[in-house]
Amino acid sequence: MTVVPPAFGEPRRPEGPRNPGDAWVIAESGEKYWGRFGAAGLLAYDPARGILLQHRVAWSHFGGTWGLPGGALHEGESAIAGAIREAQEEAGVPDGAVRARFTSVLDLGIWSYTTVVADVREPFEPVISDPESVALEWVPVDQVSSRPLHPGFGSSWPALLELLDVRPAIVVDAANVVGSVPDGWWKDRAGAAARLRARLEGLAVPAHALELAGDEWFPDVSMVVEGQARGIEDQAGTVSVIRAEAAGDDAIVAEVERRVAMQQLVVTVTSDRGLRDRAESAGAVHIRSAGWLLDLFAANG
């Protein structure tokens, strides 16, 4: 492979690269891929309006096709951060408007492209903010395939479409997880619960651990606390803290039932055998041990 800067006027940097990542990776076969450090795109999904698509300007790579806002990653930049940055640059996606649900990676060895599938949390209207776009549109899901799609996006769209309605959720038996590690939790149960909540924020789960396609998932997380742990302080974040009014097991089963009713794929985390049976009867698709969650924490660093 070789790395070659873009020629004058292409793909959207008329004065040359603005970042070392803005370059072509050229394979020995002659095929070229944009992004020295790989590339990423944002698939923003709004159930009411569809997928945000970009109509690419004629002089861009595969110009005239429809694809996702995205582009070259910066050195050391995560795919999620890069996809959102590029979508902000190209489509005016506001801060906090989307939340990543999962990623799907095409890895060619010399180059990779990550599709970041994200749910729209705050509806917005896209804005053409650089010369790479002819148009930006919310396209209904059932109409996406009727557009002339960018070849890369077109080949991945059928698999991505199958996952659009998959919404995993993890319901955590906090007392069981906290109690699995002898770190003095019994001296301050609310503090131990707060530390667990902090570790659950932004939890990334490999697709194989959920028996799903894709590469990495970011499930909704509910953490059920009971007893003295109910004194955990309120805090903004993505983790839902449920304070059990009575038995913690009953609250966990109720949360499983609530998530199942929302048509989510529910994973219950507990090592309690009786609760495992009840959660499974309530509709949990997977039951995982406290050790499973601790291993995920270790993998997430």
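This is a predicted model: local features need pLDDT of at least 70, side-chain atom pairs count only at pLDDT 80 or more; totals for chains, interfaces and linings use all residues.
Reader: What share of the protein chain is buried?
Author: The chain has 8 helices and 17 strands, where helices (H or I, at least four residues) and strands (E, at least two) are DSSP runs numbered from the N terminus. Its C-alpha atoms fill a box of roughly 65 × 40 × 35 Å along the principal axes. Of the 301 residues in the chain, the buried share is 48%.

Reader: Which residue in S10 is the bridge partner of Ile51?
Author: Strand S10 (residues 133-139) is mostly covered, with 5 of its 7 residues buried. Two strands count as paired if DSSP finds at least two bridges between them, and strand S5 (residues 50-56) pairs with S10 in the antiparallel sense over 6 bridges. In S10, the partner of Ile51 is Val139.

Reader: Which residue in the turn of the hairpin of S8 and S9 has a positive phi?
Author: Strand S8 (residues 98-107) and strand S9 (residues 112-120) run antiparallel and are joined by 9 bridges, with Val105 partnered by Thr114 in S9. S8 also pairs in the antiparallel sense with strand S13 (residues 216-217), over 2 bridges. Between S8 and S9 lie 4 residues, and the turn residue with a positive phi, of about 90 degrees, is Gly109.

Reader: Which are the edge strands of the open sheet of 5 strands?
Author: The sheet has parallel pairing and the order S15-S14-S11-S16-S17. Strand S16 (residues 265-269), for instance, is joined to S17 by 3 bridges, and Val269 stands opposite Arg288 in S17. Pairing on one side only marks the edge strands, which are S15 (239-243) and S17 (286-288).

Reader: At about what angle does H6 run to S14?
Author: Angles run from 0 to 180 degrees between N-to-C directions, and axes are lines fitted to C-alpha atoms, for helices over the stretch in contact. Helix H4 (residues 189-200) lies across strand S11 (168-173), strand S14 (220-225) and S15, running at about 175 degrees to S14. H6 lies across S11, S14, S15 and S16, and its angle to S14 is about 160 degrees.

Reader: How are H6 and H7 oriented, roughly parallel or roughly antiparallel to each other?
Author: Helix H6 (residues 248-261) and helix H7 (residues 273-281) pack with their axes 9 Å apart, at an angle of about 25 degrees. Angles under 35 degrees count as roughly parallel, over 145 as roughly antiparallel, 65 to 115 as roughly perpendicular and the rest as oblique. H6 and H7 are therefore roughly parallel.

Definitions and conventions
Residues are numbered from 1 along each chain as its sequence is written. Side-chain values use heavy atoms; hydrogens and water are left out. Buried means under 20% relative accessible area, exposed over 50%, partly exposed in between (1.4 Å probe, protein chains only). Contact means heavy atoms within 4.5 Å.
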